[in-house]
Amino acid sequence: DADALEFVGAEAIRSTWCSRASQSRLYGAVVAAEKKQEQSEEQDDDQQQQQQQQQEEPEEENQKKEEEEEPEEAQEETRELDAMLATRGQYYVDLSPMLLFSKGELVRLLIRSDVGQYLEFEPVDDVYMHMQNTGIQHVPISKSAVFQSGELTMLEKRQLMKLLAAVMGNARTEAAKEADAKQLQEFAERPFVQYLKARRLSPKLTAFILYSIALVNTNQEQQQDAQLGDSPTSISTADARKRMDIFMQSVGRYSPGAFLYPRYGVGELLQGYCRLCAVKGGTYMLRIGPEALILEPARGDDAKKRIAGIVLQGGQIITADKFVFSPSYAAPFLESSPSEGIARCV
């Protein structure tokens, strides 16, 4: 019958032997069954589409609500990011970023060696710091920026100016200079965090000084909270004072900020030296690394070994009075690996 035809199928019925009249009736039943099956499939598809639309509508409404509830600052950041991505040909990503102090030793070396004539720099005018509770904040690094800052209270501004004057030895009176020098001498070999706490600075101001001006690379406050005392990674007051001194000397030298950045990345420094080397008749050896170092034994009172030569991967030996290379090259050949500073971009 017609109900059975839905399962048997038209091809099976057509291949069955029967009379002409029976065949005609069966054919009509098959056509009706196929139409019924098509209608049933269409209804199922319509129901699935309706269910899918019903599921998508709440999701769209929720998404709209979330967008409406999204803070204006977040929406502004999203728009700025979209605008930046739209102009991605106007910026680049440096895989080895490094900032140069405007009055640092490297800048002076570039000037003395005439390598600077092959380079172009961009000034870094401002420094920002990400705070855990308040997000990104501007760090004032000059006298005018301190007084114009909206990030610091009046008390914090006075404390910061007094601290910078103490570190630089620029106190207004001789009595104040003597008191600052005495306190710095007292804390010279002690952790810098203890010196800042002795001056009763706020946590925010302490963080500004540690990580944006002294450029300390480890969490000094956490070490003190854990009562680690004079940890190997704790920076002393004397060392922090040297860092702050070069920072403050660099402020305003070429720009309102303290840093310079190679316009086309740090790799330009190497290219500048290569150009000058070619002018002076230097020789390049490409794709050849060091295989071993030749060390001379210590002589006399000097307990340090001297590098007398380098064995290259091809077996060639190069000797010279002085060698200049990254500490990472010497690490595999020395008993104790030399430490490296961490360069970072703000």
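1. The sheet β6-β7-β8. Three strands form an open sheet in the order β6-β7-β8, and their pairing is antiparallel. From one strand to the next, the twist averages 30 degrees. Strands and helices here are DSSP runs numbered from the N terminus, with at least two residues (E) for a strand and at least four (H or I) for a helix. Two strands pair if DSSP finds at least two bridges between them.

2. Basis of the note. The model is predicted: local features need pLDDT of at least 70, side-chain atom pairs count only at pLDDT 80 or more, and totals for chains, interfaces and linings use all residues. Residues are numbered from 1 along each chain as its sequence is written, and side-chain values use heavy atoms, with hydrogens and water left out.

3. Pairing of β6 with β7. Six bridges connect β6 to strand β7 (residues 306-312) in the antiparallel sense. Within this pairing, Ile310 of β7 stands opposite Leu293.

4. The sheet β1-β5-β2. A further open sheet has three strands in the order β1-β5-β2, again with antiparallel pairing. Here β1 (100-101) and β2 (121-124) are the edge strands, each pairing on one side only. The antiparallel strands β2 and β5 are joined by four bridges, and Pro123 has Leu260 in β5 as its bridge partner.

5. Helices α7 and α10. The axes of α7 (residues 154-168) and α10 (residues 203-213) come within 10 Å and cross at roughly 35 degrees. Axes are lines fitted to C-alpha atoms, for helices over the stretch in contact, and angles run from 0 to 180 degrees between N-to-C directions. The crossing is right-handed, that is, the near helix is turned clockwise from the far one by less than a right angle. Glu156, Gln159, Leu160 and Leu163 of α7 meet Lys204, Leu205 and Ile209 of α10, where contact means heavy atoms within 4.5 Å. By class, this contact has four nonpolar, one polar and two charged residues.

6. The largest nonpolar core. Such a core is a set of buried Ala, Val, Leu, Ile, Met, Phe, Trp, Tyr and Cys residues joined through side-chain atoms within 4.5 Å. The largest one has 49 residues, of which Phe192, Ile209 and Met244 touch the most other members. Elements giving two or more residues to this core include β3 (127-131), α12 (237-250) and α13 (267-279). The most comes from α10, with seven residues. Apart from residues up to four places away in sequence, Met244 touches Leu163, Leu164, Val167, Phe192, Ile209, Ile213 and Ala214.

7. Gln159. This residue belongs to helix α7. Gln159 counts as buried because its relative accessible area is 16%; buried means under 20%, exposed over 50%, and partly exposed in between, with a 1.4 Å probe and protein chains only. Beyond its neighbours within four places in sequence, Gln159 is in contact with Arg199, Arg200, Leu201, Ser202 and Leu205.

8. Positive phi values. Arg200 is not a glycine, yet has a positive phi of about 60 degrees. Arg200 lies in the loop between α9 and α10 and is exposed, with a relative accessible area of 71%. Asp114, also a residue other than glycine, has a positive phi near 70 degrees. Asp114 is placed in the loop between α5 and β2 and, at 44% relative accessibility, counts as partly exposed.

Key:
Ala, Val, Leu, Ile, Met, Phe, Trp, Tyr, Cys and Pro count as nonpolar, Asp, Glu, Lys and Arg as charged, and the others, Gly among them, as polar.
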